[in-house]
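User: Hello! I am new to this structure and would like to learn how to read it. Could you take me through it step by step?

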Amino acid sequence: MKIVITGASGLVGTHLAHHLAAKHQVLPLTHADLDITERGSVRRLILNERPALIINCAVVSVDECERNPALAQAVNVAGPQALAETAAELEAEFLHFSTNYVFDGVREGQVPYTIDDEPYPINVYGMTKLAGERAVRAAASKCFIVRTSWVYGAGKDSFLGTVHRHLLAGKQVRAITDVWASTTYVDDLVVRTEELLTRRHYATYHVVNSGVCSYEEFARLSARLVGVADTEANKLIEVVYEANMQRLARRPRSTPLRCLVSEKLGLVPLRDWPTALAEYVAK
Ligand SMILES: NC(=O)c1ccc[n+]([C@@H]2O[C@H](COP(=O)([O-])OP(=O)(O)OC[C@H]3O[C@@H](n4cnc5c(N)ncnc54)[C@H](OP(=O)(O)O)[C@@H]3O)[C@@H](O)[C@H]2O)c1
């Protein structure tokens, strides 16, 4: 089928476009190709291309949302809404990515959040992502929402994606010890996303690797997996608290996810995060 992907040069968009291109006609649109906040351009391009499916990967990052709430509203809410409305006009399917940051993370005991839990975002990113979910759900009936969390993989210079390389090179890293979430290897995310598309069950999914960790735990396992001894890792990993980081946006403290809909559909949970991480660092 013909698939349009917006925000296609980001981490998720790049990997998804590559994965889906094996079986489908994929039109990957970068920010330069289509600014999703330009409503007229969105309609013109999509109605002209007439895809059977639109996948939106465009987003404004967490701290940038805090810095520029108007941009966050435009990209995380109005843009997805325009895409979803155009999809509905074509009777096309629409898939939109969202986030664990729709939850406040205050719950004790690391009990995973499911779609039965009421979202309470605590930063502009989470608020606009939640508003985006609601806008696309209202606009398009054939709509998948895929909430994911702490995604890493080749091509993005994030902490999770690069910490193993830094440690192997003997570089000092700072790792937060008091924030926990589910991590998601982007290769697993794109495979599960395709599986969900083939099921055609329109719902809100939580797609993450099984288990939960802090950034510190992720860094320590990354070190071990690339052969850095624990004594060396102890010297290289500076353990810090979220409060020390003085990041612009507050982060929810603990937001592991679990997918009730996939379980109902009989899909096995994604492999656990240590196994996924081992495959990533070995590549
Ligand atoms: N990465 C994670 O850890 C994570 C966690 C939870 C949920 N998610 C969700 O997963 C989805 C994809 O995230 P990602 O990690 O792939 O993000 P990313 O790597 O930051 O990519 C986002 C892309 O959106 C593009 N973009 C920004 N504004 C745009 C606009 N107005 N029109 C069109 N494109 C625009 C960016 O292009 P420019 O850079 O050129 O502006 C960039 O290529 C998002 O919905 C995000 O909320 C990600």
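Analyst: Happy to. Let us begin with exposure: a residue is buried under 20% relative accessible area, exposed over 50%, and partly exposed in between, using a 1.4 Å probe and the protein chains only. Arg134 is partly exposed, because its relative accessible area is 46%. Before we go on, this is a predicted model, in which local features need pLDDT of at least 70, side-chain atom pairs count only at pLDDT 80 or more, and totals for chains, interfaces and linings use all residues. Residues are numbered from 1 along each chain as its sequence is written, and side-chain values use heavy atoms, with hydrogens and water left out.

User: In which element does Arg134 lie?

Analyst: Helices (H or I, at least four residues) and strands (E, at least two) are DSSP runs, numbered from the N terminus. Arg134 lies in helix H5. Sequence and space can also be set side by side: Arg134 and Val240 are 106 residues apart in sequence, and their C-alpha atoms are 35 Å apart in space.

User: How do I read contacts and polar contacts?

Analyst: Contact means heavy atoms within 4.5 Å. Not counting residues up to four places away in sequence, His24 touches Met1, Ile3 and Glu194. A polar contact is a pair of N or O atoms within 3.5 Å; within protein, one must be able to donate a hydrogen and the other to accept it, and residues adjacent in sequence count only if both atoms are side-chain atoms. Here, a polar side-chain atom of His24 lies 3.2 Å from the backbone nitrogen of Met1.

User: Is Ser182 buried or exposed?

Analyst: Ser182 counts as buried, because its relative accessibility is 1%. This residue is in the loop between strand S8 (180-181) and strand S9 (184-185). A polar atom of the Ser182 side chain lies 3.0 Å from the backbone nitrogen of Leu257. Thr148, in strand S5 (residues 143-148), is buried too, with a relative accessible area of 7%. Leaving aside neighbours within four places in sequence, the contacts of Thr148 include Phe97, Thr184 and Leu257.

User: How many residues of H1 are buried?

Analyst: Seven of its ten residues are buried, so H1 is mostly covered. Among them are Leu11, Val12 and Leu20. The buried residues of H1 pack against several elements, including strand S1 (2-6), S2 and helix H7 (186-199).

User: Which residues are closest to the ligand?

Analyst: A residue is near a molecule if one of its heavy atoms lies within 4 Å of it. In this model 24 residues surround the ligand, and the closest are Val12, His31, Tyr125, Lys129 and Val151. Oxygen atoms of the ligand lie 2.8 Å from a backbone N or O atom of Val12, 2.7 Å from a polar side-chain atom of His31 and 2.8 Å from a polar side-chain atom of Lys129. Taken alone the ligand exposes 900 Å², and the protein buries 80% of that, with areas from the Shrake-Rupley method and a 1.4 Å probe.

User: Which element gives the most to the shell around the ligand?

Analyst: S4 does, with three residues. H1, strand S4 (93-99) and helix H5 (124-139) each supply at least two residues of that shell.
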